[in-house]
Amino acid sequence: MIVMSAVTALVLLALVTQAGIVAVQRAYPPQGRMIEVDGAVLHVVDIGPRNAGLPIVMLHGASSNLEVMRHPLGELLAKQHRVILIDRPGHGWSTRARRQDSTPDIQARMIDAALGKLGVDRAVFVVHSWSGALGARLALDHASRVAGLVMLAPVTHPWRGGVGRYNEIIATPVIGPLLAYTVTLPLGYFVAESGARNVFLPQTMPDGFVRESATPLLLRPREFIANAYDLVTLKASVAAQVARYDEIKLPVTIIAGEPDKTVKTDIHARPFAATVPNAKLIVLPDLGHMVQNAVPDLVKTAIETMIGQIAPAQAAAD
């Protein structure tokens with residue numbers, strides 16, 4: 001009886017999950033175009049004027065999608081600049097063929113290929129959190145594509161501890177997919193709001209953030225599993241690339257907060273800035289992890305300052 005009850009419960013949760021997937025995808029449909037690259041199909045939203053100088057490419061962190069970078073910062077920048085927002089492979093409406101393609105080096109290759117198909121030769125990259133490691137990898141492996149790098153609360157170095165037991169379980173074969181396709185979505189509806197609120201601390205999460213950022217897309221099983229793989233493989237990935245950071249010669253601006261409890265500034269932003277020759281570090285007191293939401297005008301100014309410095313230097317080189 002106990003076994004039958006457990007099986008019945010799992011079947012019911014699986015049916016609820018499938019219904020939830022349909023509802024979430026109807027509520028948050030894709031907003032851009034799909035670009036096929038080796039190993040992935042990337043969802044890209046391209047906004048702002050096309051003939052406004054260097055494009056700006058924005059890459060989101062873990063547990064999110066491109067909408068986190070669009071509101072408010074991307075739309076603010078798009079008034080005067082071409083802004084290209086990309087769902088990382090496996091996130092939002094982007095897919096990837098292999099869950100194991102979770103590391104910054106592989107995702108950097110995919111994003112570089114997509115930009116090539118878009119005809120974007122060089123761009124300023126704006127990266128948040130998990131994508132700090134991705135931005136660094138783009139600068140290392142695809143330097144000709146990167147005119148400059150603006151990093152917001154970036155992950156760059158290995159840290160003590162793990163990334164949460166639940167992520168480790170979800171990335172485990174068999175049991176991980178079993179949980180993802182039964183429990184995660186129904187449970188996630190109840191905890192998504194509080195989880196997002198904690199990431200904003202000490203700032204207050206804006207009203208309607210979960211809805212506006214399409215956060216419920218994360219609860220779909222295939223994305224939740226992809227996100228877990230991204231997180232559990234990240235520490236080894238950054239450990240493998242740390243020794244190369246002094247090879248990054250392009251301009252870098254890093255903006256981070258002192259009380260950020262999600263990605264600690266002393267472990268990541270400070271040592272990265274100390275290693276990269278042309279890095280500028282801005283550390284703000286009382287700033288949490290969601291830099292692009294808390295100080296969008298400051299970030300916009302930093303990006304535009306970088307673009308203003310790159311353009312004359314490029315003209316002189318030409």
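Predicted model: local features only at pLDDT ≥ 70, side-chain atom pairs only at ≥ 80, totals over all residues.

Reader: How many residues apart are R137 and D141 in helix α4?
Author: Residues are numbered from 1 along each chain as its sequence is written, and side-chain values use heavy atoms, without hydrogens and water. Helices are DSSP runs of H or I with at least four residues, strands runs of E with at least two, numbered from the N terminus. Helix α4 covers residues 131–141, and R137 and D141 are separated by about one helical turn because their spacing in it is four residues.

Reader: What is the N to O distance in the salt bridge of R137 and D141?
Author: A salt bridge needs a side-chain nitrogen of Lys or Arg within 4 Å of a carboxyl oxygen of Asp or Glu. R137 and D141 are linked with R244 and E247 in a network of such bridges. Between the side chains of R137 and D141, the N to O distance is 2.7 Å.

Reader: Is R137 buried or exposed?
Author: Buried means under 20% relative accessible area, exposed over 50%, and partly exposed in between (1.4 Å probe, protein chains only). D141 has 32%, so D141 is partly exposed. R137 has 16%, so R137 is buried.

Reader: Which residue forms a salt bridge with R50?
Author: R50 has a relative accessible area of 47%, so R50 is partly exposed. The closest N and O atoms of the bridge are 3.5 Å apart, and the partner is D46.
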